[in-house]
Amino acid sequence: MKIENISDLQVLVHTARAGTLTAAAHALGITPAAASATLKRLEAQLGARLFERSTRAMRLTPQGQTLLDYAVRAFELLDEGESLVTADRGELVGTLRVASPSDLTRSTLLPWFDEFLALHPGVQLSLSVGDRPLDVMRDEVDVALRYGALADSRLVARAFALTNPLLTASPDYLRRHPAPRVPQDLMHHNCLIFNRSGRRHRLWRFAQNGQWTEVRVNGNRSVDDASLAREWTVAGYGISLKSALDVRNDIREGRLVQLLADWETEPYPLHALLPSGRFVPARVRAFVEFLAVKFEGLLGAG
């Protein structure tokens, strides 16, 4: 027998990504019973077991992994065909799946998303906001915006911005505490710690005249949400070290004050990440180019 309905493969793809049938059913808008029945039908049609089932998760069999690879490519080819057909009309269509950092989204990206959707009414935005790095190869994401150095060679990166983090505090905090004059003074301040990839970023590095110094900071608050770290800083709870893109509006409007401005910090690049070897629909290419122009204008104006 052969697969009778290619859309059934969506259950395979989503189950492999989510790890459970329940999560796959939720993503597809169907009941878990319907998802289970679809998967059983696929296995019966192919005469092969696609998943090893347990009470906690679904694990692909070798046959399931083979089919998954081809299923993903099949859906990418359908996207490609859709893009080629609609290109004749000059329209962008389909769902644009974007993952972006929390604070950058709120401080900068939201109006840009609105503008892009207004320019391309045939595009729908599916946005995942957070500071936990997604697995772009595995998760259902077309493009991920990510800060920091890149290590995964399976990804294609488009550099948007190379800025240095800024050390800031609120005027209220500085009324209650003397501003640090050198990095070592930070050891006597309440520093707000941002958790990256499950690790607390406590070692802050500064340079002057080419000489680098490291300070291990401490504070009574740590968080894995960069937006909340900025809000705590604005509220006067301590000092933070954050991307210049995230705090530029607060500095301009007086909610935050830059500290140790004559000291350099380590570069903190922002990239758009796309899976290498995966077909990139026209809507994704257009979105990346749109953001590149926006960031160029923003940094040029700043």
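In the predicted model, strand 10 (residues 203–208) and strand 15 (residues 264–265) run antiparallel and are joined by two bridges. Within this pairing, Phe206 has Thr265 of strand 15 as its bridge partner. Strand 10 also runs antiparallel to strand 11 (residues 211–216), and here the two strands are joined by six bridges. Ala207 stands opposite Trp212 of strand 11. Strand 10 and strand 11 form a hairpin with two residues between the strands, and in this hairpin Asn209 adopts a positive phi near 55°. Taken together, the three strands make an open sheet with antiparallel pairing and the order 11-10-15. Strand 11 and strand 15 are the edge strands of this sheet, as each of them pairs on one side only. In general, the strands of a sheet pair through backbone hydrogen bonds, in either a parallel or an antiparallel manner.

A further open sheet of three strands has the order 13-7-14, and its pairing is also antiparallel. Strand 13 (240–242) and strand 14 (257–259) lie at the edges; each has a single partner strand, so one side of each is left without a neighbour in the sheet. From one strand to the next, the twist averages 45°. Strand 7 (residues 166–169) pairs with strand 14 in the antiparallel sense over three bridges. In this pairing, Thr168 has Gln258 of strand 14 as its bridge partner.

Two helices pack on the sheet of strands 13, 7 and 14. Helix 7 (residues 226–234) touches strand 7 and strand 13, and the direction of helix 7 makes about 135° with that of strand 13. Helix 8 (residues 244–252) touches strand 7, strand 13 and strand 14. The direction of helix 8 makes about 40° with that of strand 7.

The second largest pocket of the model has a volume of about 420 Å³. The pocket is lined by 23 residues, of which Phe75, Glu76, Asp79, Arg97 and Asp142 are the closest to its centre. Several elements each supply at least two residues of the lining, namely helix 1 (9–18), helix 4 (62–87), strand 3 (94–100), strand 16 (268–275) and helix 9 (282–301). Helix 4 provides the largest share of the lining, with six residues. By residue class, the lining of the second largest pocket is made up of eleven nonpolar, three polar and nine charged residues.

Aromatic rings were also examined. With ring centres required to lie within 6.5 Å, the count comes to six aromatic pairs. One of the aromatic pairs is formed by Phe116 and Phe287, with 5.3 Å from centre to centre and 75° between the planes. Planes over 60 degrees apart count as edge-to-face, so the pair of Phe116 and Phe287 belongs to this class.

Conventions:
Residues numbered from 1 in each chain as written. Predicted model: local features only at pLDDT ≥ 70, side-chain atom pairs only at ≥ 80, totals over all residues. Heavy atoms only, no water. Pairing = 2+ DSSP bridges. Helix = DSSP H or I, 4+ residues; strand = E, 2+ residues; numbered from the N terminus. Axes fitted to C-alpha atoms, helices over the stretch in contact; angles between N-to-C directions. Contact = heavy atoms within 4.5 Å. 1 Å grid on protein atoms, 1.4 Å probe; cavity = no way out; pocket = protein on both sides within 12 Å on 5 of 7 lines; lining within 4 Å. Points joined across faces, edges and corners; volume = space filled by probe spheres on them. Nonpolar A, V, L, I, M, F, W, Y, C, P; charged D, E, K, R; others polar. Phe/Tyr/Trp six-rings, centres within 6.5 Å; stacked < 30°, edge-to-face > 60°.
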